[in-house]
Amino acid sequence: MRALLFGLSLVFASAVWAIDPLPFADADQEARFRVLVAELRCVQCQNQNLADSDALIAKDLRKEIFDQMQAGQSDDEIVAFLVERYGEFVLYRPPFSGMNVLLWIGPLLIVVFGGIGIAAHLRRRARTSVTAPRAPLNEDIDW
Amino acid sequence: MIARLFFPLALFVGLAVLLWSGLGKDPTILPSALLDKPVPEFVTTKLREPGVDIGSADLLGEPYLLNVFASWCASCRIEHPVLDAYASRGELKLIGLNYRDQRADALAWLDRFGDPYAEILWDPDGRLGIDFGVTGTPESFVVDALGIIRYKHVVPLSPDDMENEVLPRLKQGAF
């Protein structure tokens, strides 16, 4: 009997572990949480978001985000809290301001200026080939 | 003609300098968002004296090195003798932040490896660590006499780091 109880308690203990330990107030809040942890970067493993990371600090930050949601903080307030402590690095979508502007429009600039450069080059080449047609390669060669 | 030759060369040199300068950097080391900002306000329990509180205000007036450590942290053991040597020579005021640790484990660890800390803040759940922007252990912060964070170091401190980064900043921070 004792052994059975012990066995049962083990079974139920593991069942408890398998459940997501965060008791959300409602489905809405849980959805907000999922979006937020997917958009925030783990500060230790760096190429993972907070949702995917197994690092201690990621667990702590998920808990912190959850606690702040229970305290009625908005998403923006929670993000501001994390940026204040860990910098804009935690954001997978950095704000469109300061040096970040370069980050956002840099690729566009490269495409635009690269395109202009290629167009100019092609046009120049087309013009030179019209005015000075290349001599056939084998013209002077005595076979 | 000169412009046409010069432009690709300038582009190449610019890119080369940019990429070369990035090579030596460790991308896993984040710049601290708290640099040149005051230490976050906090009150927590002392590790060695359960029930006795210590807060950010108690640490003002003298520059110090705040060292985040834990008994489960392997690399903390590498830097611990370094910290111990400098603190026992009286070269700096060392404050500990015991991070995500059991009190008994932390005390046993200090018994075994030595206790160079003037005060130790206890942060069992890592909540204080979040306020400091801690990402792991060990991490160390140089805080000046006015409580402003002047430097952050995120890998074990070597004697070189102490001489070149930490001690000069502690001296500057004394006013």
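What is the mean pLDDT of chain B, and what share of its residues reach 70 or more? I looked this up before anything else. The mean is 92, and 98% of the residues of chain B reach 70 or more; pLDDT is the predictor's confidence in each residue, from 0 to 100. For the model I noted ipTM 0.81 and pTM 0.77.

Ground rules. I am reading a predicted model, in which local features need pLDDT of at least 70 and side-chain atom pairs count only at pLDDT 80 or more, while totals for chains, interfaces and linings use all residues. Residues are numbered from 1 along each chain as its sequence is written, and chains are lettered from A and ligands numbered from 1 in the order in which they are written.

Entry on chain A. I counted helices and strands, which are DSSP runs numbered from the N terminus (helices H or I, at least four residues; strands E, at least two). Chain A has five helices and zero strands, so I wrote its pattern along the sequence as α-α-α-α-α. I then checked burial: a residue is buried if 20 or more other C-beta atoms lie within 10 Å of its own, exposed if 12 or fewer, and partly exposed in between, with C-beta atoms placed from the backbone. Of the 143 residues in chain A, 13% are buried. The domain assignment, which is automatic or from a database, gives domain 1 (23-93) and domain 2 (97-131) in chain A. Their C-alpha centres lie 39 Å apart.

Entry on the interface. I call two residues in contact if their C-beta atoms, placed from the backbone, lie within 7 Å. On that count, 11 residues of chain B touch 13 residues of chain A. The chain B side divides into four nonpolar, five polar and two charged residues. Here Ala, Val, Leu, Ile, Met, Phe, Trp, Tyr, Cys and Pro count as nonpolar, Asp, Glu, Lys and Arg as charged, and the others, Gly among them, as polar.

Entry on the strands of chain B. I followed strand S1 (residues 43-46) of chain B; two strands pair if DSSP finds at least two bridges between them. S1(B) pairs with strand S2 (residues 53-55) of chain B in the antiparallel sense over three bridges. The two form a hairpin with six residues between them, and B:Gly51 in the turn has a positive phi of about 90°. S1(B) also pairs with strand S5 (residues 119-123) of chain B, antiparallel over two bridges, where B:Lys46 has B:Leu121 as its bridge partner.

Entry on B:Asp53. Is B:Asp53 buried or exposed? B:Asp53 is exposed, because 11 other C-beta atoms lie within 10 Å. This residue is in S2(B) and stands opposite B:Thr45. Leaving aside neighbours within four places in sequence, B:Asp53 is in contact with B:Val43, B:Thr44 and B:Thr45. B:Val43 is 10 residues away along the chain, yet the two C-alpha atoms are separated by 6.5 Å.

Entry on helix H3 (residues 103-113) of chain B. I found B:Ala106, B:Trp109 and B:Leu110 buried. Seen down the axis of H3(B), the buried residues fall within an arc of 95°, so they line one face of the helix; the arc is that of the directions from the helix axis to the C-beta atoms. An α-helix has 3.6 residues a turn, so residues three or four places apart point the same way. The face turned away from the buried side carries the exposed residues B:Ala104, B:Ala108, B:Asp111 and B:Arg112. Strand S4 (94-99) of chain B is included in what covers the buried residues of H3(B). Just after H3(B), B:Gly114 takes a positive phi of about 100°.
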